[in-house]
Amino acid sequence: MGDLVVFGSGDRNAFSKARIVLRAFSRGHHYLGEFGNGSKMKFVANLMVAIHNVSAGEAFALGIKAGLSPKAIFDVQANSAGTSRMFQVRGPMMVKGRYDDVTMKNEVWQKDMKIIGDYARRLGVATPTFNASAGVYKAAMAQGFARQDTGAVCAVLERMSGLRRRR
């Protein structure tokens, strides 16, 4: 079974009929009511993914700069109060400093970032942390990580911190 969680909305009967298929490829699925609510929930989820991914990269940069090994940072923090699903998914990439085992390309992620940002602005929702994370993803694009995994924000933050790890 995959890591995917399905956010469904629209006709409840159609969603109920699809549950058997959803169980085959997702670890969870949620019916969210009227049509469009699934997309809204995806925006919420991806906003959190954007922030958690950058915060994981920041944590690695801080720990490495402080003299901790990337492996120790991951091993200890993966089960701590500060963990997140993004830390657990992208942390192993950050330990290695390699982002070519792509789960989401930075260039594709830019589309999601724009959709979320535009949606939040239309609703008048303040998203200062999300907005700050967007700059790190843009830096990843500018630094040649467009086709690599979004976990490469860690490499960007390491460079911003004056770190040069051997890759």
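The questions and answers below concern a predicted model of one protein chain.

Q: In what order do the elements of the protein chain run from the N terminus on?
A: The protein chain has seven helices and two strands. Read from the N terminus on, these elements run β-α-β-α-α-α-α-α-α.

Q: Which handedness does the β-α-β unit have?
A: Strand E1 covers residues 5-8, and strand E2 covers residues 28-31. Four bridges join E1 to E2, and the two run parallel. Helix H1, residues 12-25, makes a β-α-β unit with E1 and E2, and this unit is right-handed.

Q: Which residue in E2 is the bridge partner of Val5?
A: Val5 belongs to strand E1, which is joined to E2 by four bridges. In E2, the bridge partner of Val5 is Gly28.

Q: What share of the residues of the protein chain count as buried?
A: Buried here means under 20% relative accessible area. The accessible surface of the protein chain comes to about 9600 Å², with 58% belonging to carbon and sulfur atoms. Of the 167 residues, the share that count as buried is 39%.

Q: How far apart do the centres of the positive and negative side chains lie?
A: The protein chain has 25 positive side chains and 12 negative ones. The centres of these two sets lie apart by 1 Å.

Definitions and conventions. Residues numbered from 1 in each chain as written. Predicted model: local features only at pLDDT ≥ 70, side-chain atom pairs only at ≥ 80, totals over all residues. Heavy atoms only, no water. Buried < 20%, exposed > 50% of the residue type's maximum accessible area, 1.4 Å probe, protein only. Areas by Shrake-Rupley, 256 points an atom, 1.4 Å probe, with all protein chains shown as cover. Lys, Arg positive; Asp, Glu negative; His and termini not counted. Charge placed at Lys NZ, Arg CZ, Asp CG, Glu CD. Pairing = 2+ DSSP bridges. Right-handed = clockwise from strand over helix to strand, strands pointing away.
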